[in-house]
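Here are a few friendly notes to read with the model open beside you. They go through side-chain pairs, one point at a time.

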Amino acid sequence: MNTQNGKSNRTIGFIGAGNMAEAMISALIRTGTFSPDNILAGDIQPERAEYIEKTYSIRRISDNRHIMEVCDIAVLAVKPQQMAGVLEDLAARNAFNAVRGRLLVISIAAGVKIDTFEKAVYAGKSEKEKQRIPIIRVMPNTPALVGAGMCAFSANRHATGGDIDVTRKILDAMGETIQCAEEKMDAVTAISGSGPAYCFYFLESMLAAGEKLGLTAEEAFQLTFQTLRGALRLIDAQQSSPADLRRKVTSPGGTTEAAIRVFEENHLKETVISAIMAAARRSRELGLS
């Protein structure tokens, strides 16, 4: 990535300015990866675009086609259900023919396959023209809002090593990043994309149990939150498997064993696996819609 004073001198534009786009914009500015002057964003809701403009001092745009005309990187950050409409509108107005030089297209829409973008972006283009518009599919997650995200990405055949490096630099600003084959992206979506919600759900359940046992809401939260945070730090520090650490805590005939027995009797592990499989199926369905 070409830089000046540590910042990229490329221009990046966001089509869609929702929570995840905001997380990316905030991270890029906070880490000095991009200057606000080199970031553009637009949203179907004018008040949202105005909020992003004022909060981060970036440039607001009212026409998505403008991003294709002036940016080096275009981030498609709309909901999966809205993506088809956005692509159709851009194609209908020949936006992809307005690209100057080289444009890296990055999508963060869950479930939407690279093939879907290629059909819209590459329509009527020669192989040489296609090479100027590489496409990368990304699955981020909401902890990116606080710089603790987990992002996975897959690149199409036209993405060069330089494009991969640029993508990594953008995503690393939000947390950790891995590259994987696109056929694994539905699994990635089910594990890390939706994963924070599973953690929140388990936290909710522990809080409810604490209050049912007579703790105040504040006491239950402090005990539960620090326990979960400490458990994760322990895994990281000891580099042990969750199963090994669980066994160390579970004394025969003790309180932990009593709880684990109820989990097993109610097939908690199988339920969690089934739920994550359902999320992966839904990701595949979104990709086919």
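This is a predicted model: local features need pLDDT of at least 70, side-chain atom pairs count only at pLDDT 80 or more; totals for chains, interfaces and linings use all residues.

**Notes on side-chain pairs**

1. Residues are numbered from 1 along each chain as its sequence is written, and side-chain values use heavy atoms, leaving out hydrogens and water.

2. How many aromatic pairs does a search of the whole structure find? The answer is one. The ring centres of Phe221 and Phe225 lie 5.5 Å apart with their planes at 10°, so the pair is stacked (rings of Phe, Tyr and Trp, the last by its six-membered ring, pair if their centres lie within 6.5 Å; planes under 30 degrees apart count as stacked, over 60 as edge-to-face and the rest as tilted). Both residues sit in helix α10 (residues 217-238), four residues apart, or about one helical turn (helices are DSSP runs of H or I with at least four residues, strands are runs of E with at least two, and both are numbered from the N terminus).

3. Now to charged side chains: the structure holds 16 salt bridges (a side-chain nitrogen of Lys or Arg within 4 Å of a carboxyl oxygen of Asp or Glu). One of them joins Glu50 and Lys54, whose closest N and O atoms are 2.9 Å apart. The two residues lie in helix α2 (residues 46-56), four residues apart, about one turn. Glu50 is partly exposed at 30%, whereas Lys54 is exposed at 62%.

4. In helix α5 (residues 114-121), Lys119 and Asp115 are four residues apart, about one helical turn. Their side chains meet in a salt bridge, 3.2 Å from N to O. Lys119 counts as exposed, at 60%, and Asp115 as partly exposed, at 39%.

5. Another salt bridge links Glu257 with Arg261, with 3.5 Å between the closest N and O atoms. Glu257 is partly exposed at 26%, and Arg261 is partly exposed at 41%.

6. Finally, please look at Glu118, Glu127, Lys130 and Arg157, which are linked in a network of salt bridges.

How values were computed:
Buried means under 20% relative accessible area, exposed over 50%, partly exposed in between (1.4 Å probe, protein chains only).
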